[in-house]
Amino acid sequence: MKKSICIYFQVHQPDRLRLYRFFDIGKESWYYDDFNNRTILQRVAEKCYLPANKIILNLIKEHKGAFKLAYSISGVALDQFEKYAPQVIESFKELARTGCVEFLAETYAHSLSSLINEDEFAGQVKMHSEKIEQLFGKKPVIFRNTELIYSDSIGSVVADLGFKGMLTEGAKHVLAWKSPNYLYTNALNPRLKLLLKNFQLSDDIAFRFSDRSWSNWPLTADKYVTWLSRSLEKEEIVNLFMDYETFGEHQHETTGIFDFLKHLPSAVLSQTNFEFLTPSEACKKHQPVAPLHVPYPISWADEERDTSAWLGNELQNEAFSKLYEVRELVKEAADDTLSADFLKLQESDHFYYMCTKFFSDGAVHKYFNPYETPYEAFINYMNVLSDFLVRVQKRSLAVRVKSGTKIAAKKGSK
């Protein structure tokens, strides 16, 4: 039986908040930095999404469908593409038409809802799946949670939502002596198959590719294929999961990252007996070797591979809990604008910016952070949240008053 390579790319852009001061609370309720969001999205589209999609399309054609891969595009990123760069949507649609690209489901807002509210989580997953089916013509059957966050209980919920497989991190502290290069199952619901990221081989591309101090620099496609061959000598599948922005944004074009991408499929297909599979194909082909026990949430972030990048300090936890305290009031308010803001304020990036882990992973956090300090991120977010809470309370009160008036009117008419 042929060994398998499964490639998956995360595509996400957050709704960055504008500078929102304490004195804006109650006066101005537009929270987003439209200029910055548009500028960054269009820049990344030109540097990464459009050229990378073109290369991927050419590779699929060149190898007559033997090259396959998957994407997970957050709903908020899709919304920004439609608003600021519709040509990116069209390029993904062109990839979808090849039949060699699978689009995965996730939370619409790239949120942390799986860690706090099952109903919110399920609602966002349904919303995202419908968006993917609307744009790309096929309902997702494989799930990828925000930043590969996973636990036994989250996986069980995902299985109940009807998904056949889920992607997560091949975390050392979970696997112990076991290898990420096999399929596993959810410990509570064995119907859900698990594809685990090989973080060593994935991070060689995503993080180390342009590092001239790295002993393996420069990384060529031929050299990389020898590593893949070594990994699959006795095992079944290598899962390469990374941010799509690796190509052209995190790793600039001048590093040779696009040339590496162009040459990798032909190097694999000509030098090995491996095949490229989408996640759903991998789940159909390979049999799980064991259940994977993950009692506490893991992710693909930082050295710890846990959720501390988003919920590891008091600032993050206070902001997170305050936001979700008003979920029921937001639903009760039945206001489209409030619901849209609630969705955007759940984006995990807002909490990531508040991270105080400036040791082993400080450089990574600083690269993605528009704030000078995590405290600035917290203050800005809490100012926005304060205004949002005022609006929610006002709307909720108005709805209750109106509802009470209707009930009184009905009683009076009898």
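1. Three elements each supply at least two residues of the lining of the largest cavity: β1 (4-11), β8 (237-243) and α9 (257-271). Helices (H or I, at least four residues) and strands (E, at least two) are DSSP runs, numbered from the N terminus. The largest contribution comes from α9, with 3 residues.

2. The model is predicted: local features need pLDDT of at least 70 and side-chain atom pairs count only at pLDDT 80 or more, while totals for chains, interfaces and linings use all residues. Residues are numbered from 1 along each chain as its sequence is written, and side-chain values use heavy atoms, with hydrogens and water left out.

3. The lining of the largest cavity consists of I7, F9, F67, I205, L240, M242, F247, F260, L261 and L264. By class these are 10 nonpolar, no polar and no charged (Ala, Val, Leu, Ile, Met, Phe, Trp, Tyr, Cys and Pro count as nonpolar, Asp, Glu, Lys and Arg as charged, and the others, Gly among them, as polar).

4. The volume of the largest cavity is about 80 Å³, and a search of the whole structure finds 1 cavity of 30 Å³ or more. On a 1 Å grid over the protein atoms alone, a cavity is a set of points where a 1.4 Å probe fits but cannot get out; lining residues have an atom within 4 Å of a point. Grid points are joined across faces, edges and corners, and a volume is the space filled by probe spheres set on the points.

5. How far apart are the end C-alpha atoms of helix α1 (residues 34-62)? They are 39 Å apart, which agrees with the 42 Å that its 29 residues should span at 1.5 Å a residue (the expected span is 1.5 Å times one less than the number of residues). Helix α1 has a kink of about 50 degrees, centred on A45; the bend at a residue is the angle between axes fitted to the seven residues ending there and the seven starting there.

6. H110 is not a glycine, yet has a positive phi of about 50 degrees; H110 is in the loop between β3 (101-103) and α4 (118-136). W217 and P218 are joined by a cis peptide bond, with omega about -5 degrees, and P218 lies in the loop between α7 (199-206) and α8 (221-231).

Note on methods
1 Å grid on protein atoms, 1.4 Å probe; cavity = no way out; pocket = protein on both sides within 12 Å on 5 of 7 lines; lining within 4 Å.
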